Amino acid sequence: MPIIVKSLPEIKSSEITPRSVYLDRRKFMKHTVATGLLLTADTILPAWAKKSTQSGWPELKKSPYSSSDTVNSFEDITTYNNFYEFGTGKKDPHKNAVDFNPKPWSITVAGECAKAGSYNLEDFIKPDSLEERIYRLRCVEGWSMVIPWVGFSLADMLKKFEPNSKAKYVEFTTLFDKSRMPGQQRRVLHWPYTEGLRIDEAMNELPFMAVGLYGDILPNQNGAPIRLVVPWKYGFKSIKSIVKIRFTEKQPQTTWNKTAPKEYGFYSNVNPIVDHPRWSQKKERVIGQPFWKPKRDTQLYNGYAEQVAHLYQGMDLKKHF
Ligand code: MTE
């Protein structure tokens with residue numbers, strides 16, 4: 001059975017779930033059940049996690065990298081999405097990904113590493129390595145959210161494959177299956193969706209592989225069963241529903257760069273002084289805030305400069321946009 005979000009609760013999009021509601025798992029379950037929100041427990045997850053979707057994940061480690069910004073509501077995070085494989089409208093993924101069944105799921109690892117092969121998703125989801133990371137997400141379109149992800153460090157995952165000295169980049173690929181991802185029947189993008197990071201970016205402490213959010217499994221529209229989260233880069237770098245990871249010597253091609261090379265660069269670091277050719281990046285609209293609230297200033301590297309600025313020392317950020 002697919003992960004199904006049955007009848008979403010009637011919450012105004014302006015209403016932000018207080019942090020305390022979801023941090024207290026029992027209150028959270030009461031809240032969601034009371035408002036008619038149920039996630040099925042039959043997922044790609046191993047037996048312990050299936051049990052835990054009814055009673056909560058096992059104790060999630062808290063991350064020192066978590067943002068203290070106000071977290072967006074579950075409704076904002078799961079009904080305002082970009083996932084072109086399920087349509088180009090913001091509400092399309094929520095509607096069209098309902099029947100997507102991310103089970104079973106495997107990830108092919110290839111290229112410059114010692115441990116290439118095909119791995120089951122379950123090989124990566126270890127209860128003691130799961131943590132919660134509350135990250136800001138800044139979309140290149142000029143809006144932002146704050147999302148409480150559940151997952152593990154990308155660097156920890158990649159090290160297991162023992163990349164060699166020729167591994168200068170990492171490429172990620174989304175599932176390509178027109179029958180399961182109906183948006184791929186239209187040639188709006190170069191399918192399959194691919195993304196990439198330089199190896200030192202990938203090995204930084206911030207990139208995160210998310211398998212859940214709000215203390216539960218990852219909803220389909222957010223990239224089930226596993227997606228990347230790179231919080232200092234525009235949201236399109238955070239590729240969803242990953243089936244392949246490849247270590248490469250050359251910089252990999254990326255979907256948005258191929259689609260519009262003058263608009264979307266390989267790096268795509270959040271930067272208020274590097275405008276998109278068609279709009280300014282100086283400000284951002286915070287999703288969930290009332291319309292009369294002013295936009296907020298975009299922060300360099302989306303506020304994560306302390307962790308990542310050193311990666312780009314000496315680089316012209318306007319050239320390497
Ligand atoms: N990954 C895939 N495979 N397909 C997509 O269309 N959209 C990207 C990114 N990852 C996208 C994707 C964009 S533009 C953004 S802003 C984020 O996902 C949105 O993530 P969210 O819907 O979970 O907020």
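Predicted model: local features only at pLDDT ≥ 70, side-chain atom pairs only at ≥ 80, totals over all residues.
I begin with the ligand. Arginine 227 places a polar side-chain atom 3.0 Å from an oxygen atom of the ligand, so this pair falls within the 3.5 Å cut-off. In the side chain of asparagine 222, an N or O atom is likewise found 3.0 Å from a ligand oxygen. For lysine 240, the distance from a polar side-chain atom to an oxygen atom of the ligand is 2.7 Å. How much of the ligand does the protein bury? Taken alone, the ligand exposes 540 Å², and 98% of that is buried by the protein.

The ligand's site is the largest pocket. Around the ligand there are 16 residues, and the closest are Asn81, Tyr84, Glu85, Ser238 and Lys240.

I move now to the aromatic rings. The model contains 18 aromatic pairs. One of these pairs is formed by tyrosine 119 and phenylalanine 161. Is it stacked, edge-to-face or tilted? The ring centres are 5.1 Å apart and the planes meet at 50 degrees, so the pair is tilted; stacked would require planes under 30 degrees apart, and edge-to-face over 60. This pair connects distant parts of the chain, its two members being 42 residues apart. Tyrosine 119 belongs to strand β5, residues 117–120, while phenylalanine 161 is in the loop between α6 (154–159) and β8 (169–174).

That loop between α6 and β8 also holds glutamate 162. Although glutamate 162 is not a glycine, its phi is positive, at about 50 degrees.

Finally, the backbone has cis peptide bonds to report. Lysine 103 and proline 104 are joined by a cis bond with omega of about -5 degrees. Proline 104 is located in the loop between α5 (92–96) and β4 (106–111). Between alanine 224 and proline 225 the peptide bond is also cis, and omega is near 0 degrees. Where does proline 225 lie? Its place is the loop between β11 (216–217) and β12 (227–229).

Methods. Residues numbered from 1 in each chain as written. Heavy atoms only, no water. Near = heavy atom within 4 Å. Polar contact = N/O pair within 3.5 Å; in protein donor to acceptor, adjacent residues only side chain to side chain. Areas by Shrake-Rupley, 256 points an atom, 1.4 Å probe, with all protein chains shown as cover. 1 Å grid on protein atoms, 1.4 Å probe; cavity = no way out; pocket = protein on both sides within 12 Å on 5 of 7 lines; lining within 4 Å. Sits in = over half its atoms within 2 Å of the grid points. Phe/Tyr/Trp six-rings, centres within 6.5 Å; stacked < 30°, edge-to-face > 60°. Helix = DSSP H or I, 4+ residues; strand = E, 2+ residues; numbered from the N terminus.
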